Amino acid sequence: MKTREPSPLFKLNMQIYDLIIIGAGPAGITASVYAARKKLNFLVISLDIGGQTAWSGEIENYTGYQFITGPDLTQKFEEHLRKYGIALKENEEVLEIAKSGEIISVNTNKGNYQSRTVIIASGKKSRELGVPGEKEFKNHGLTYCATCDGPLFSGKVVAVIGGGNSALDAALQLTKIAKHIYIINITEQLAGDQIMLEKIKQAENVTILNSHQITAISGDRFVRAIKIKNKDGQKELAVEGVFVEIGLIPNSSFAKNVEKNTKNEINIDLANQTNIPGVFAAGDVSNVLEKQIIIAAGEGSKAALSAFRYLARKNFGK
C-alpha cells in the first residue's frame, strides 16, 4: 500500500508519542487504561467522552452491573481514565492521518501530532433519515439522542424512527416521559433483544407501526407532524418530537488509506492491526462482529496490547 507525505502542517508539533488513541468511548478509554499501565507515552484525542455509551439508557448486560444507565457508566469510564492522569485533547476532531516512514501524523481541527502507533477507536455516529424537514427541524423537535433530549418532551406525543435495539432503548426511555410514542419501523417486525421487545409490548403508551416509512417532517418553529407511508398509502401523524434511531455509520472518513469494508468499517485482524503497520482499530469503527459496549472495551484492551508489542518489536529509541 502506498503512503503519502504529510502536509507541512503536520510538522508543527515535534513531539513524537509512542501511541495516539483516537476516540474516548469504551474502546478508546479501555485502550488508554492499558496504555497507561504499560507506561507508554501517549495521547488521547476525542470529540467527547463516552461515545454512544453516553447516549444509552438502561444497560443490563455490562458485566459487574446488573443495572446502570449510559451516563452513569460513562462517568465510571471517565473516572477510570482520569485516575491515570492521561493526556486528553477533548472537543478535538481528527481530520486526517498519514504515515511517512515510521511516523504516523494525526491532523486535527486544532493541532498536529506525531506518533509511532495509532489506535482508531472513533466509534460511530447516527445515520440520518434524508427526508424533507430533517435538517430544518434538527434541535427543534428532531433529535438523535433520547438520553440527552428525552426530558424535553415530557407529556408530548413523539415518534421513534427505527426498529432495532437503539430504537427500542429510546422508546423505553420515553415511556416514562412522553404521553405517547409511535415506533415507525420500516421492516415487518421489530428486531432487538427479547427482553427489550417484551418491555415494549407491555408498555401502554406505545404504538408500533411496522412496515411503515417516514417520508417528511413538518411544523412551524418546532415539529408538529410527520408523514409516513406503507403499501396502503400515506398518512400524517401529529407529533411534537421525532427521535431518529435508524442505525449508525462509522467515524472512519479521516482514515483514507486504511482498508475498510462495504460498510466503511475498518478491517482488522485478530490483533486489531489494520493494513497499515502501526495503525490499529478497535470498537464500533472496526469490522468486529458485534457492536456492544463490553465488546468494544475488550477490543480496546487488545488493541493497546498489540500496539505495545509492536513498539517492543520495533525497539524504538533503543
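Colleague: What joins β14 to β15?
Modeller: A hairpin does, through three residues. Strands here are DSSP runs of E with at least two residues, helices are runs of H or I with at least four, and both are numbered from the N terminus. This is a predicted model, in which local features need pLDDT of at least 70 and side-chain atom pairs pLDDT 80 or more, while totals for chains, interfaces and linings use all residues. Residues are numbered from 1 along each chain as its sequence is written, and side-chain values use heavy atoms, with hydrogens and water left out.

Colleague: What makes β14 and β15 a pair?
Modeller: Two strands pair if DSSP finds at least two bridges between them. β14 (residues 213–219) and β15 (residues 223–230) have six bridges, in the antiparallel sense, so they meet that definition. Within the pair, glutamine 213 stands opposite lysine 229.

Colleague: Why are β10 and β13 said to stand at the edges of their sheet?
Modeller: The open sheet has five strands in the order β10-β17-β11-β12-β13, with parallel pairing. β10 (142–143) and β13 (206–209) each have a single partner strand, so one side of each is left without a neighbour in the sheet. The partner of β13 is β12 (residues 180–184), paired over four bridges, with isoleucine 181 opposite valine 206.

Colleague: Why are the buried residues of α5 placed on the same side of the helix?
Modeller: In α5 (residues 194–202), the buried residues are Met196, Leu197 and Ile200. They cover an arc of only 100° around the axis, which puts them on the same side of α5; the arc is that of the directions from the helix axis to the C-beta atoms. These residues pack against α4, β12 and β13.

Colleague: Why is lysine 39 called exposed?
Modeller: Exposed means over 50% relative accessible area, buried under 20%, and partly exposed in between (1.4 Å probe, protein chains only). Lysine 39 has 74%, so it counts as exposed. It sits in the loop between α1 (26–37) and β2 (42–46) and has a positive phi of about 60° although it is not a glycine.

Colleague: What makes asparagine 139 exposed?
Modeller: Its relative accessible area is 62%. Asparagine 139 lies in the loop between β9 (124–126) and β10, and its phi is near 65°, a positive value in a residue other than glycine.

Colleague: How do you know that domain 1 and domain 2 are in contact?
Modeller: Contact means heavy atoms within 4.5 Å. Seven residues of domain 1 are in contact with eight residues of domain 2. The bounds, 8–125 + 249–313 for domain 1 and 142–244 for domain 2, are given by the domain assignment, which is an automatic or database one.
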